[in-house]
Amino acid sequence: MAAGAIIITLLELIVGTIVNIILGWNVWDYSNLPGNLLGQICPQFTVLWFFLSAVAVYLDDWIRYLLWGEKRPKYKF
């Protein structure tokens with residue numbers, strides 16, 4: 001989940017820098033949130049990506065099981 005959050009946050013920074021700063025499209029702006037970097041990323045959304053990564057892994061496992069016949073996912077919490 002941590003790797004997913006870091007990857008998503010880095011992609012958000014790269015895309016945000018290109019789309020919002022260089023091209024000036026102003027798709028999103030986190031300037032009003034504490035801890036933001038260039039208004040493109042902020043710690044609050046990194047935490048959100050952390051938890052959404054778990055959902056993405058879970059869905060990916062079940063999609064692979066249902067559509068491609070891979071082993072049924074088993075989890076220990």
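Tyr 30 is buried, with a relative accessible area of 10%; buried means under 20% relative accessible area, exposed over 50% and partly exposed in between, with a 1.4 Å probe and protein chains only. This is a predicted model, in which local features need pLDDT of at least 70, side-chain atom pairs count only at pLDDT 80 or more, and totals for chains, interfaces and linings use all residues. Residues are numbered from 1 along each chain as its sequence is written, and side-chain values use heavy atoms, with hydrogens and water left out.

Let's start with the helix H1. Helices are DSSP runs of H or I with at least four residues, numbered from the N terminus. H1 covers residues 2-22, and at 1.5 Å a residue its 21 residues should span 30 Å, which agrees with the 29 Å between its end C-alpha atoms; the expected span is 1.5 Å times one less than the number of residues. At Gly 16, H1 bends by about 30 degrees, the bend being the angle between axes fitted to the seven residues ending there and the seven starting there. Gly 16 is also one of the buried residues of H1, which include Glu 12, Leu 13 and Asn 20. Helix H2 (43-68) is among what covers these buried residues. Just after H1, Gly 24 has a positive phi of about 70 degrees.

Now for the loop between H1 and H2, where Gln 40 lies. Gln 40 counts as buried, at 3% relative accessibility. Its side chain makes a polar contact of 2.7 Å with the side chain of Asn 20 (a pair of N or O atoms within 3.5 Å; within protein, one must be able to donate a hydrogen and the other to accept it, and residues adjacent in sequence count only if both atoms are side-chain atoms). Beyond its neighbours within four places in sequence, Gln 40 is in contact with residues including Gly 16, Trp 28 and Tyr 30, where contact means heavy atoms within 4.5 Å.

What about the aromatic rings? Rings of Phe, Tyr and Trp (its six-membered ring) pair if their centres lie within 6.5 Å; planes under 30 degrees apart count as stacked, over 60 as edge-to-face and the rest as tilted. The count comes to 6 aromatic pairs, including these:

| Pair | Centres | Planes | Class |
|---|---|---|---|
| Tyr 30 and Phe 45 | 4.6 Å | 15 degrees | stacked |
| Trp 62 and Tyr 65 | 5.4 Å | 90 degrees | edge-to-face |

Tyr 30 lies in the loop between H1 and H2 and Phe 45 in helix H2, so their pair ties together parts 15 residues apart in sequence. Phe 45 is partly exposed at 26% relative accessibility. Ring pairs also link Tyr 58, Trp 62, Tyr 65 and Tyr 75 into a cluster.

Methods
Helices (H or I, at least four residues) and strands (E, at least two) are DSSP runs, numbered from the N terminus.
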